[in-house]
4 protein chains.
Amino acid sequence: MSKPVLNIGLIGSGFMGKTHVFGFASAPRVFDLPYRPVLHSLADASDEAAHRAAATLGFAKATGDWRRLIEDPEIDVIDITAPNALHKEMALAAIAAGKHVYCEKPLAPRAAEAREMADAAEAAGVRTQVGFNYLCNPMLALAREMIAAGELGEIRGYRGLHAEDYMADAHGPWSFRHDPAGGGALADIGSHALATAEYLLGPITRVMGDCVTLIDRRPDGRGGMRAVQVDDVARAFLRFENGAQGSIEGNWIATGRKMQHDFEVYGTRGALAFSQERFNELHFHSCGDAPGRRGFRRIEAGPEHPPYGLFCVAPGHQLGFNDLKAIEIAGYLRAIAGEIPEPFGFRKGLRIQTLVETIQQSSARRQWLDVPAGG
Amino acid sequence: MSKPVLNIGLIGSGFMGKTHVFGFASAPRVFDLPYRPVLHSLADASDEAAHRAAATLGFAKATGDWRRLIEDPEIDVIDITAPNALHKEMALAAIAAGKHVYCEKPLAPRAAEAREMADAAEAAGVRTQVGFNYLCNPMLALAREMIAAGELGEIRGYRGLHAEDYMADAHGPWSFRHDPAGGGALADIGSHALATAEYLLGPITRVMGDCVTLIDRRPDGRGGMRAVQVDDVARAFLRFENGAQGSIEGNWIATGRKMQHDFEVYGTRGALAFSQERFNELHFHSCGDAPGRRGFRRIEAGPEHPPYGLFCVAPGHQLGFNDLKAIEIAGYLRAIAGEIPEPFGFRKGLRIQTLVETIQQSSARRQWLDVPAGG
Amino acid sequence: MSKPVLNIGLIGSGFMGKTHVFGFASAPRVFDLPYRPVLHSLADASDEAAHRAAATLGFAKATGDWRRLIEDPEIDVIDITAPNALHKEMALAAIAAGKHVYCEKPLAPRAAEAREMADAAEAAGVRTQVGFNYLCNPMLALAREMIAAGELGEIRGYRGLHAEDYMADAHGPWSFRHDPAGGGALADIGSHALATAEYLLGPITRVMGDCVTLIDRRPDGRGGMRAVQVDDVARAFLRFENGAQGSIEGNWIATGRKMQHDFEVYGTRGALAFSQERFNELHFHSCGDAPGRRGFRRIEAGPEHPPYGLFCVAPGHQLGFNDLKAIEIAGYLRAIAGEIPEPFGFRKGLRIQTLVETIQQSSARRQWLDVPAGG
Amino acid sequence: MSKPVLNIGLIGSGFMGKTHVFGFASAPRVFDLPYRPVLHSLADASDEAAHRAAATLGFAKATGDWRRLIEDPEIDVIDITAPNALHKEMALAAIAAGKHVYCEKPLAPRAAEAREMADAAEAAGVRTQVGFNYLCNPMLALAREMIAAGELGEIRGYRGLHAEDYMADAHGPWSFRHDPAGGGALADIGSHALATAEYLLGPITRVMGDCVTLIDRRPDGRGGMRAVQVDDVARAFLRFENGAQGSIEGNWIATGRKMQHDFEVYGTRGALAFSQERFNELHFHSCGDAPGRRGFRRIEAGPEHPPYGLFCVAPGHQLGFNDLKAIEIAGYLRAIAGEIPEPFGFRKGLRIQTLVETIQQSSARRQWLDVPAGG
């Protein structure tokens, strides 16, 4: 009732912008948060686009110039869902104005830029969050907890994957994602596989990359073709600090796959298998089960797996993709209030870019590379 | 922006009350609705409980007396998530006051009561909605569309199910759900199986029921035991008006099952299989596929399956249980505005009670019974 | 090496005849059996057909007259895979000649005939076997063992099914299976669902049947149509002697289904789920698992599940349909040697016919019926 | 009947020896083969062991000295299922004696030895077969046929795997498989992943390997420990001659996995997914399906997928592991008769060893390597 207001200024109203809005709408109902977030202002590519989206999405104010949001003293949080190439400029401006910054992934096209952003945020003392909402799944929290508690014994192996097919059509047009500054499959979705791997097992210390371009030119939208330099598929062999080893793959031309963000973790006493295709389930094999009675058991998400119970008191009813964003937002607001550390701040966003870049370099040089420690 | 406000008065803040609140929060962001719903007032068992819940859930006003909501001229919609036994009194009062009424299922313990409610609502010209949100799943809409379009050929057979295990523990206490007026497995969840069956195939005309009580007494909470008279498992053979035949089962002691709301539909040219355990998928077998290449294909929910795309532009990301409630609310608000017929009004709620009661009677009399036409 | 020979005389060389031959070929290699079975003679519809099949299948002798097998003093076992209508005559003749008799299911079209056969066999003291090889699956033995050992607690509920689509095409010709003496879906495959139900839970005591004909005439092969009087789909509500209740369905027009012989068993402390579509797996939910770690676990067949290990020492490699027949044959040969009781003799074959007939009568009379005890 | 006899001399009666015997027993019943194979002689580690096994398995003669089989002019085929280290000596002796040779995989520990064996067999003009029976699965034949026919369009990507857990226990004793000459995970089961990859997509031209030892010492059976030098997990990035790229993994410490021989193939117009855990199914995604109706369809093995129909005329009944060996044997016997080329002769066995060795070398040198063309 009397909770302090937190005014949100959102930049961008596309796929991710909407997801953020849905998250801000539901998070304060589901969670007992330290703030009451208010959809204060929306900035988009033009005044007109901004006003139209603001009406639908429920923002009080709208503008075609994102700098207005930075300048507005009422706004507490700048939420960036604009194209990747603009993240840095926007975030640095917001940080300079003392705003907290919530930025969709990837934090920046290059690790050096991401580092600049993380350093600036820490120097300014603002709270940051990068959008890695797959990590907000209660079943991933369960997996991490089980690993940390030793329920799988000592971890030996990992196999991670994030494969979709949204770039499988060779006739699909060239876009900013095909620009080396924009990404490629590794930066765009392989990054999720890397984030999950480190979320579960801790730091990756060494990689051998294999980045492959299969569709090397795409229609430029003006009747011609434009060269594509980024990877369509990227793989890496991995070594973890904890002694485990494994691999990941990022793949945006995996025909038929819509959300194959999968992993398997093998320990000395158990194993886990997960697929984002059925992300309300975690499959657990325990060597502690009686002989002749062992097998991967399909654990369905329920109230025993926080914060599932806040969404629904009954098990098996299932969370949706947008609910994961609400969980991310709840964590971020708590971090702003100082209740918890930043769940996935700019330093961690930088970490992912560091991993991506090291894998890209390893692939280009065709040799194993150490991953620099930290972000 | 300038959309008319629709003030909501919610009665009850338990499991379903919260789900309604989450739905009202997200529906107007996801959909372009004719109204801006406002969480106006919350009524609960006591003033204190109501104020506490109102603060968390975002209602402006709160009261321990639900009649205040009925009397409040500002409130447009009375939303009832109170215990089943109170539905009728609350709904009739709201209707008498000219309010639109949104009521959780079951509409009433007895068909006669449900009929009274439906008649009153229609006489008063108010718009009603009963909460049957599993029907709001885009994959069920797809199934219905495929059946209606003849993609399965002529429909011959149906097998439906709603099994959970929340009453499997014989030491679980006696509750209002164990009172004949409160329900049993058929009324509580078998009703979902019936709703889905008619949603997909149209009217059921004849039934043979089998209602079984396996746990015939439960702790009364005061050290004694209290007799249970309702069914733990209920089954029915079915005949449909369209010539198809089939069966359903409702079961609340299905150990290990959390959300086994499943169905299979068999037609002359294809078949569908669905499980609410993985409700973002529909499995489709087409006899039109080439020989040697046939099989049930796993269709994942995506933007081709409205209104999925309003929640997320990318396929395979998945809706959650609460999103289904948002879809239900969106439909109801459109019905209030006269844009569409009531998606599942009191008349349909009555229909479900009629089916439930006919199956119960058939079981008691051990004979096939015709189902009265209509609600 | 010096094992006594057991001479087999096979009648019929169709689908099931071949399966028997494959079973006789592999059983003595896989198992340490009391006899060395020899494919002695084959009888088929004509001399020519018999000789051709005998050459392929490895029989020393062949004949177009099955009575020659009965008369041949060298033959120890008459193995009947001829059309159902002939089972009785052949079996009685063989029994009268003192032969052991192995007969494919159904034992006979009517329970009265099956009883005559069982009585004759017992009076003559010969050993019999009816082909119900789904019951020979190590995973079904595991399920039965788990139930008997109380791993699921007290059994409350059962849901069984055998659905295929081999009669789904209404243009498929009339055959002996469409004759009331030949069967219908309940007799043909619903019988498997019944056999599995009693194998796992013990005697069914009471039933309510629902037998439905959906394709009521079929091409007679001479340009006309012929009426079909048997059921395409049959269901039954069940009561078991042990207090459990449940249902089964037999369905031969289940479009897209090839081998949906499924069951679920619910007990007070656990549950099992099985599908013949993946018959090397048994899914087990244990209430003994830790909270938050429960789920159906997929147990893969392995050496812990006898006699799997005789086929393959490594788990997860999987048995095939024909291996189940070899297991059946091994059990039968041991019964002939007196090492074990008959695994599924004529008395049990009669039992299945009794169940089938009681369900058919119940459906016709539209009332619950007691199932006569025993065979 | 009057088919020429083919006398088999089997060396070894362990896991694989038995599987061969089962295959020889059933193959001539299932298939119309050019020969009648006879289990002539069995050689094992000792006379006693050999006689015992021969009695059970049905061999006429037995010996503790495998050279007797080579010398026996009656024997046509020497079938080697002895430890890997002996393959070469046995095979060369058999070839020198003009015998056809059937040898379990791996053909030899080193490619150089395998080459010697392949060269000798070709020079002698005898027919050879290496046991790679996973390739004999009708669903793999279907996959290859679909790829070759262009049903997936142009092939872009491949992900292969063979993971089991039979070496996951660090307390399991040192065995010949832990000797560099014996194998490691890549040679032992990664070889299957490689065989399947080339079976489906054709030659692999370039690899980058990652072979990892996690359990570096094991009990030596005499109270001490012995160093393990072979890989527990091995991965490789792959390039194919047809322009596709991908990866494979071999893993024998994948806790909980019994038979995870999986692959996914991505083409421009479709995709396939397969798991040996359910090897009677192939999952096919076709871009030719209507929008909103696409998904991986689960094709169940049936008579449309030769030679399934020879085992069983009804679909969905499923083949078992031993049936795959029968298919392998049938192909080999036809090759001996000159009816078809050798399905998987020594030259192909050498090819697999070449791939294994190149990956091992690539891993040791930490660099990409070209795979020598051919065997």
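**Reading a predicted model**

Modeller: B:Arg293 is buried, with a relative accessible area of 11%. Keep in mind that this is a predicted model.

Colleague: Where is the place of B:Arg293 in chain B?

Modeller: Look in the loop between strand 15 (281-286) and strand 16 (296-300) of chain B.

Colleague: Which residues is B:Arg293 in contact with, leaving aside its neighbours within four places in sequence?

Modeller: Look to chain D. The contacts are D:Leu142, D:Glu145, D:Met146, D:Glu151, D:Arg297 and D:Ile299.

Colleague: How do I read the relation between two copies of a chain?

Modeller: Two copies are related by a rotation about an axis and a shift along it. Here, chain A can be laid on chain D by a turn of 180° and a shift of 0.0 Å along the axis, with an RMSD of 0.0 Å. That is the relation of a two-fold axis. The same surface serves both copies: 100% of the contact residues of chain A recur in chain D.

Colleague: Which residue of chain A comes closest to the rotation axis?

Modeller: A:Gln367 does, at 3.3 Å by its C-alpha.

Colleague: And how do I read two packed helices?

Modeller: Use the angle between their axes and the distance between the axes. Take helix 7 (residues 185-201) and helix 10 (residues 346-365) of chain C. Their axes come within 9 Å and cross at roughly 115°. These two helices of chain C are therefore roughly perpendicular to each other. The crossing of helix 7 and helix 10 of chain C is right-handed.

Colleague: Which residues meet there, between helix 7 and helix 10 of chain C?

Modeller: From helix 7 of chain C, they include C:Leu186, C:Ser191 and C:Leu194. From helix 10 of chain C, they include C:Ile352, C:Leu355 and C:Ile359.

Terms used
Residues are numbered from 1 along each chain as its sequence is written. Chains are lettered from A and ligands numbered from 1 in the order in which they are written. This is a predicted model: local features need pLDDT of at least 70, side-chain atom pairs count only at pLDDT 80 or more; totals for chains, interfaces and linings use all residues. Side-chain values use heavy atoms; hydrogens and water are left out. Copies are superposed by least squares on the C-alpha atoms of residues with pLDDT of at least 70 in both. Contact means heavy atoms within 4.5 Å. Helices (H or I, at least four residues) and strands (E, at least two) are DSSP runs, numbered from the N terminus. Buried means under 20% relative accessible area, exposed over 50%, partly exposed in between (1.4 Å probe, protein chains only). Axes are lines fitted to C-alpha atoms, for helices over the stretch in contact, and angles run from 0 to 180 degrees between N-to-C directions. Angles under 35 degrees count as roughly parallel, over 145 as roughly antiparallel, 65 to 115 as roughly perpendicular and the rest as oblique. A crossing is left-handed if the near helix is turned anticlockwise from the far one by less than a right angle, and right-handed if clockwise.
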